[in-house]
Amino acid sequence: MATTPPPSVPSPDAEWETCRFCGVAVPPGASKCGICGAENPLTSSQVERAPPKVRRWIRLTRAFRVLVVVTVILGLAYAIGSAVLSGPPTLASDPLTTSGTYQIGPGNHTVISGEITAGDYVTGNFTAVAPVGVNIAVAVYNSSEWGAFLVGGAPAPLYTVSPTYQASLVYSPVVTDTYYFVFSNPYPSATHLTVGVYITTLYNANVANDGFA
């Protein structure tokens with residue numbers, strides 16, 4: 001069975017040539033350019049003796065290739081840098097991305113709700129602003145526990161913050177569902193104490209889990 005002889009390896013001292021059309025380097029001994037297919041590549045001495053039009057064309061194609069490479073590098077650097085600086089993507093239009101001041105009467109509550117995809121998470125914080133320093137409690141319920149809450153049952157919260165005047169929130173469910181963040185004024189109605197509380201929440205998409213929920 002006939003075998004194909006291995007391609008010859010050019011000598012390290014052999015002179016590389018230049019394609020007369022696209023200006024790329026052509027291996028020694030090659031009869032045509034491996035990029036564009038143009039025949040009869042030029043040696044360095046032939047390039048120097050070539051007509052001005054040919055020399056200008058070679059310089060132009062080399063400059064264009066450098067420009068393309070630099071543009072690609074800058075584009076990749078911008079894309080990577082933008083991704084790093086912007087951080088995890090957020091869903092600004094999500095109902096769990098909010099900010100505002102809420103007035104909560106004694107023994108009452110206010111609710112912020114929305115769907116959370118498993119693996120995503122909600123962050124935020126709250127602060128009692130009027131009167132300053134009074135307490136607010138927080139509990140998070142899924143859709144079934146929220147139903148129990150509405151009928152006056154004994155729902156089991158999935159996440160809680162004990163009564164305090166200020167705290168941060170971080171909650172990430174393991175199951176996709178609608179979740180209810182309940183901010184409660186723990187003071188009895190006899191106190192007539194309405195609390196103004198500033199609340200911010202932010203829905204964060206978990207990139208590692210995106211598309212796998």
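Colleague: Where is the place of His192?

Modeller: His192 sits in the loop between strand 9 and strand 10; strands are DSSP runs of E with at least two residues, helices are runs of H or I with at least four, and both are numbered from the N terminus. The model is a predicted one, in which local features need pLDDT of at least 70 and side-chain atom pairs count only at pLDDT 80 or more, whereas totals for chains, interfaces and linings use all residues. Residues are numbered from 1 along each chain as its sequence is written, and side-chain values use heavy atoms, with hydrogens and water left out.

His192 has a positive phi of about 55° although it is not a glycine. His192 counts as exposed because its relative accessibility is 67%; exposed means over 50% relative accessible area, buried under 20%, and partly exposed in between, with a 1.4 Å probe and protein chains only.

The loop between strand 9 and strand 10 also holds Thr194, which counts as partly exposed because its relative accessibility is 37%. Beyond its neighbours within four places in sequence, Thr194 is in contact (heavy atoms within 4.5 Å) with Gln103, Ile104, Gly105, Pro106, Ala130, Pro131 and Asn185. The C-alpha atoms of Thr194 and Ala130 are separated by 8.2 Å, although the two residues are 64 residues apart along the chain. Ala130 is joined to Pro131 by a cis peptide bond, with omega near -5°, and Pro131 belongs to the loop between strand 5 and strand 6.

Strand 5 leads on to strand 8: the two run antiparallel and are joined by six bridges, where pairing requires that DSSP finds at least two bridges between the strands. Within strand 8, Ser168 stands opposite Asn125. In a regular strand the side chains alternate between the two faces of the sheet.

Once neighbours within four places in sequence are set aside, the contacts of Ile116 include Tyr171, Phe181 and Tyr203.

As for the chain as a whole, its secondary structure comprises three helices and 10 strands, in the order β-β-α-α-β-β-β-β-α-β-β-β-β from the N terminus. Of its 213 residues, 31% are buried. Among contacts with a separation of 6 or more, 71% are between residues 24 or more positions apart.
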